[in-house]
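Before you is a short briefing on one protein model, arranged by topic. Please keep the structure in view while reading.

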Amino acid sequence: MLGTRLPLIQGPFGGGMSSTRLAAAVSEAGGLGSFGAHHLSASHIEDTVRELRGLTSRPFAINLWVPLEGERELRPTPEEFQANVARLKPWYDELGLPAPTYPSAFSQDYDAQIDAVLALKPPVFSFIFGIPSARILEACRASGILTVGTATNVDEGLALERAGVDLIVASGSEAGGHRASFLRPADESPATTALVPQLVDRVRTPVIASGGIADGRSVATALALGAEGVQVGTAFLACEESNASDVYRKALRQESARATVLTRVFSGRYARGIKNRFLREMTPHEHDVPPYPVQNWFTQPLRQAAARQGREDLLSLWAGQNAPLIRHSRAPELVDFLEKDTTRVLARLAGL
């Protein structure tokens, strides 16, 4: 369906961590490269797709976040805005940043983003946090754009199938980054090994396993559970082709990566990441921070400045639970390893 040599998708990264270089490298190596574009304007999405087409002739995916109900209408009162400014002021001061002022918008225009995707006709359109409207999905079908939705529980998978998506990514609780839940709370997501077989038994749509997949053992497990392919995120994020900072990539290889937690202090939505100083000191205020996209807007300049200044303690260090298995620093080498290691594991199991 995807037109790739391997049943392998590179997980899309939000917050500017995706790069055209990484997506193209994965596609050229035989997988499906992905670019997380939810933070981009429509014009920047156009630039990105054109750049990708200049880097690879192979299929690739553009990923967007579907707004949750009421999300686009969120507007904090002046008092709420100033309360959040005061809460984050110590970190703004520490990084030498001015206090933020009330913006005209807290996120990109989703409708404009969708219009750009439909006009550009990328080979694959993937999405998280919900299901695009029937009009959008029908427009994708009419244009030959394959659609890939993400489910964190069986109910979401069933909803995606009813909507007619082409592929379903089953994202288990081990996965790094944002939990793409939209029908149930994020903390109710089952593990990949529990979610995949349950979903495979309930849907006819091909299922792609995601979460905790970093070597041949985890790929073989996913296939044994009924998945027709895998999506790998954290291991690709650690590659030099990603847009992660050097300090971020280094953190993914440290002992601290063995302990990850779900938190909403960075973006206002739950995401899995490595504990650091900002996470620890903000956790007592977790229930006070505004929801996405407001909190994400507030912390974006902090995260960007922390990356520029090499401040691991103030970055959002999204990582899956199998980050300790990361061994490769270049995307083509990682794709080659996953293919060969999976073949080795399957051959060993076939010989038992």
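How many nonpolar, polar and charged residues does the lining of the largest cavity have? By class, that lining has 6 nonpolar, 4 polar and 2 charged residues, where Ala, Val, Leu, Ile, Met, Phe, Trp, Tyr, Cys and Pro count as nonpolar, Asp, Glu, Lys and Arg as charged, and the others, Gly among them, as polar. This is a predicted model, in which local features need pLDDT of at least 70 and side-chain atom pairs count only at pLDDT 80 or more, while totals for chains, interfaces and linings use all residues. Residues are numbered from 1 along each chain as its sequence is written, and side-chain values use heavy atoms, with hydrogens and water left out.

**Cavities**
- A search of the whole structure finds 2 cavities of 30 Å³ or more, a cavity being a set of points on a 1 Å grid over the protein atoms alone where a 1.4 Å probe fits but cannot get out, with lining residues having an atom within 4 Å of a point.
- The largest cavity, with a volume of about 140 Å³, is lined by residues including H38, W65, E71, R72, Y292 and P293.
- The second largest cavity holds about 50 Å³ of space, and A214, A235, L325, I326, R327, H328, L334 and F337 line it.

**Helix α13**
- Helix α13 (residues 331-350) has 20 residues and reaches 28 Å from its first C-alpha to its last, close to the 28 Å expected at 1.5 Å a residue, the expected span being 1.5 Å times one less than the number of residues.
- Its buried residues (under 20% relative accessible area, with exposed over 50% and partly exposed in between, for a 1.4 Å probe and protein chains only) are A331, L334, V335, L338, D341, T342 and V345.
- Seen down the axis of α13, these buried residues fall within an arc of 140°, so they line one face of the helix, whereas the face turned away from the buried side carries the exposed residues K340 and A350.

**Backbone features**
- A cis peptide bond, with omega of about 5°, joins Y292 and P293, and P293 lies in the loop between α11 (277-282) and α12 (294-308).
- K121, in the loop between α4 (110-120) and β4 (124-128), has a positive phi of about 55° although it is not a glycine, and K121 is partly exposed, with a relative accessible area of 42%.
- F129 also has a positive phi, near 70°, but F129 counts as buried at 3% relative accessibility.

Technical notes: Helix = DSSP H or I, 4+ residues; strand = E, 2+ residues; numbered from the N terminus. Arc of directions from axis to C-beta. 1 Å grid on protein atoms, 1.4 Å probe; cavity = no way out; pocket = protein on both sides within 12 Å on 5 of 7 lines; lining within 4 Å. Points joined across faces, edges and corners; volume = space filled by probe spheres on them.
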